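Please find below a note on the structure under review. It is arranged as numbered points.

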Amino acid sequence: MALYLTITQTKGGVGKTATALHLAAWHSRKGANVVVVDCDINRSAIKYARRGDDQGLPFSVVDIRSAAKATRSADVVISDTRASAEQEELESLAEGSDLIVIPCPPEAGAYEDMLEMTQLLNRLQVPYIVLVNRIPPANPRKGDDLKAGLVAAGVAHLSTVIREYDAYRKAELAGVPVYDARTDDGRPDAKRNIAWSDYDSAARELQAHLDAIAGQS
């Protein structure tokens with residue numbers, strides 16, 4: 001049976017696409033047949049893939065209109081959604097997802113929107129997990145403070161945080177995962193592996209969370 005993950009947030013520009021693509025890369029490196037479905041009107045995931053001539057990513061990225069056919073044989077389907085907090089849309093997402101992943105950077109607006117979304121998901125009894133991301137490597141306190149707020153609010157979240165290295169920008173420009181990021185002169189980016197290690201840790205933790213959910217059902 002395929003695994004269905006949905007990456008969503010009320011606020012745009014919080015790293016949904018980067019999260020969807022790097023979780024997809026992690027599963028692909030484990031041997032899974034992975035498809036990312038770009039549900040966002042901005043088509044951010046598709047544009048990312050095309051920068052690498054659709055050859056830079058080790059998985060398929062498809063438009064929502066092509067999803068039914070493209071995901072038939074997939075082991076993992078990851079949906080990169082548009083920013084929305086409408087109850088009807090969240091209910092629809094929940095029906096087609098094993099877990100909703102909510103990226104949250106250390107920004108007041110993103111944090112407030114995330115709290116509203118988790119409150120609604122709690123009322124709907126929809127499984128979700130928050131991923132703290134875009135933490136400045138030079139200021140890890142921002143991640144610690146954000147996680148402390150999540151604990152105080154009773155919000156389920158991963159202990160791993162995603163630090164914001166410039167390697168992600170270089171990877172996006174090239175249409176590749178961050179572990180393949182290169183400098184302007186073609187050399188491997190010095191921070192590519194440490195940046196990837198964050199998503200590797202987050203994905204492992206996420207898998208353990210999914211296993212725990214399966215054990216409760």
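The points below go from the overall fold to helix packing and then to individual residues.

1. Overall composition. The model is a predicted one. The protein contains eight helices and seven strands. Its C-alpha atoms occupy a box of roughly 50 × 45 × 35 Å along the principal axes.

2. Of the 217 residues, 48% are buried.

3. Packing of H1 with H2. Helix H1, residues 16-29, packs against helix H2, residues 44-51, at an angle of about 60°, and the two axes lie 9 Å apart. The crossing of H1 and H2 is right-handed. On the H1 side the contact is made by Thr 17, Leu 21 and His 22, and on the H2 side by Ser 44, Ala 45 and Tyr 48. By class, this contact of H1 with H2 comprises three nonpolar and three polar residues, with no charged residues.

4. Packing of H1 with H8. The axes of H1 and H8 come within 10 Å and cross at roughly 75°. That angle makes H1 roughly perpendicular to H8. From H1, the residues in contact are Ala 18, Thr 19, His 22, Leu 23, Ala 25, Trp 26, His 27 and Arg 29. They meet Trp 196, Tyr 199, Asp 200, Ala 203, Arg 204, Leu 206 and Gln 207 of H8. The contact of H1 with H8 divides into eight nonpolar, four polar and three charged residues. His 22 of H1 takes part in the contact with H2 and also in the contact with H8.

5. Asp 80. This residue is found in strand S4, residues 76-80. Is Asp 80 buried or exposed? Its relative accessible area is 0%, so Asp 80 counts as buried. Leaving aside residues up to four places away in sequence, Asp 80 touches Ile 7, Lys 16, Thr 17, Ala 20, Val 37, Asp 38, Cys 39, Asp 40 and Ala 45. Among these partners, Thr 17 and Ala 45 also belong to the contact between H1 and H2.

6. Arg 192. Helix H8 spans residues 192-216, and Arg 192 is found in it. With a relative accessible area of 23%, Arg 192 is partly exposed. Arg 192 and Ala 171 are 21 residues apart in sequence, and their C-alpha atoms are 8.9 Å apart in space. Not counting residues up to four places away in sequence, Arg 192 touches Ala 167, Val 178, Tyr 179 and Ala 181.

7. Positive phi values. Gln 125 is placed in the loop between helix H5 (108-124) and strand S6 (128-135), and at 72% relative accessibility it counts as exposed. Arg 134 likewise is not a glycine and has a positive phi of about 55°. Arg 134 is found in strand S6 and is partly exposed, with a relative accessible area of 32%.

Definitions and conventions. Residues numbered from 1 in each chain as written. Predicted model: local features only at pLDDT ≥ 70, side-chain atom pairs only at ≥ 80, totals over all residues. Heavy atoms only, no water. Axes fitted to C-alpha atoms, helices over the stretch in contact; angles between N-to-C directions. Helix = DSSP H or I, 4+ residues; strand = E, 2+ residues; numbered from the N terminus. Left-handed = near helix turned anticlockwise from the far one by under 90°. Contact = heavy atoms within 4.5 Å. Nonpolar A, V, L, I, M, F, W, Y, C, P; charged D, E, K, R; others polar. Buried < 20%, exposed > 50% of the residue type's maximum accessible area, 1.4 Å probe, protein only. Parallel < 35°, antiparallel > 145°, perpendicular 65-115°, else oblique.
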